[in-house]
Amino acid sequence: MTIQNIGLMKALNAKMDYLNKKQEVIAQNIANADTPGYRSHDLKPIDFSRVLKNVTNSQAITPAITDDRHMPPVNAIDLMVESEDKYTYEVAPAENAVILEEQMIKAGKVAMDYSLMMNIARKQTGMIRTALGRGAA
């Protein structure tokens with residue numbers, strides 16, 4: 001068995017692939033910031049609840065309430081309905097909708113997320129090395 005077959009490592013690799021693609025899209029947006037009529041693009045975010053349902057075979061997972069002071073499950077709480085804000089984009093003189101500041105913030109967030117995934121992978125590998133008696137590197 002290789003380290004790539006471990007579930008956590010598969011998930012980390014998938015997340016890092018997604019972040020690589022997201023960074024490519026952001027780079028294209030920044031490169032085309034002066035292209036007339038260009039509209040910025042973004043990847044669709046991954047729906048974690050759908051992924052979790054696939055993993056658990058569509059069985060509902062709810063916390064056990066063993067005390068009256070425990071919080072009820074989320075589906076038992078009446079949540080306030082929030083309206084979604086419409087995204088309005090500035091239009092530059094070149095008639096494109098790329099806001100460089102927004103793209104740079106997205107790029108910074110992607111870099112932080114990628115760094116987090118790398119640190120998790122490094123820690124996981126260190127734990128495996130320790131369990132095998134080879135010490136953390």
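Guide: Happy to; we'll go through the salt bridges and then turn to a helix. This is a predicted model, in which local features need pLDDT of at least 70, side-chain atom pairs count only at pLDDT 80 or more, and totals for chains, interfaces and linings use all residues. Residues are numbered from 1 along each chain as its sequence is written, and side-chain values use heavy atoms, with hydrogens and water left out.

Visitor: How many salt bridges are there?

Guide: The count comes to 4 salt bridges, where a salt bridge is a side-chain nitrogen of Lys or Arg within 4 Å of a carboxyl oxygen of Asp or Glu.

Visitor: Which residue does Lys22 pair with?

Guide: Lys22 forms a salt bridge with Asp42, at 2.7 Å from N to O. Lys22 lies in helix α1 (residues 7-31) and Asp42 in the loop between α1 and α2 (48-55), so the pair ties together parts that are 20 residues apart in sequence. Helices here are DSSP runs of H or I with at least four residues, numbered from the N terminus.

Visitor: Is Lys22 buried or exposed?

Guide: Lys22 counts as buried, at 15% relative accessibility. Asp42 is partly exposed, with a relative accessible area of 41%. Buried means under 20% relative accessible area, exposed over 50%, and partly exposed in between (1.4 Å probe, protein chains only).

Visitor: What about Asp113, which residue does that one meet?

Guide: Asp113 meets Lys109 in a salt bridge, 3.1 Å from N to O. Both lie in helix α3 (residues 100-131), 4 residues apart, about one turn of the helix. An α-helix has 3.6 residues a turn, so residues three or four places apart point the same way. Asp113 is partly exposed at 21% relative accessibility, and Lys109 is partly exposed too, at 48%. As for shared partners, salt bridges join Lys22, Asp42 and Lys106 into one network.

Visitor: And how far apart are the closest N and O atoms of Asp67 and Arg69?

Guide: They are 2.9 Å apart, in a salt bridge. Asp67 is partly exposed at 27%, whereas Arg69 is exposed at 73%.

Visitor: Switching topic: which residues of α1 are buried?

Guide: Among them are Met9, Leu12, Met16, Tyr18 and Leu19, along with Lys22 from the pair with Asp42. What covers the buried residues of α1 includes α3, with contact meaning heavy atoms within 4.5 Å.

Conventions:
Helices (H or I, at least four residues) and strands (E, at least two) are DSSP runs, numbered from the N terminus.
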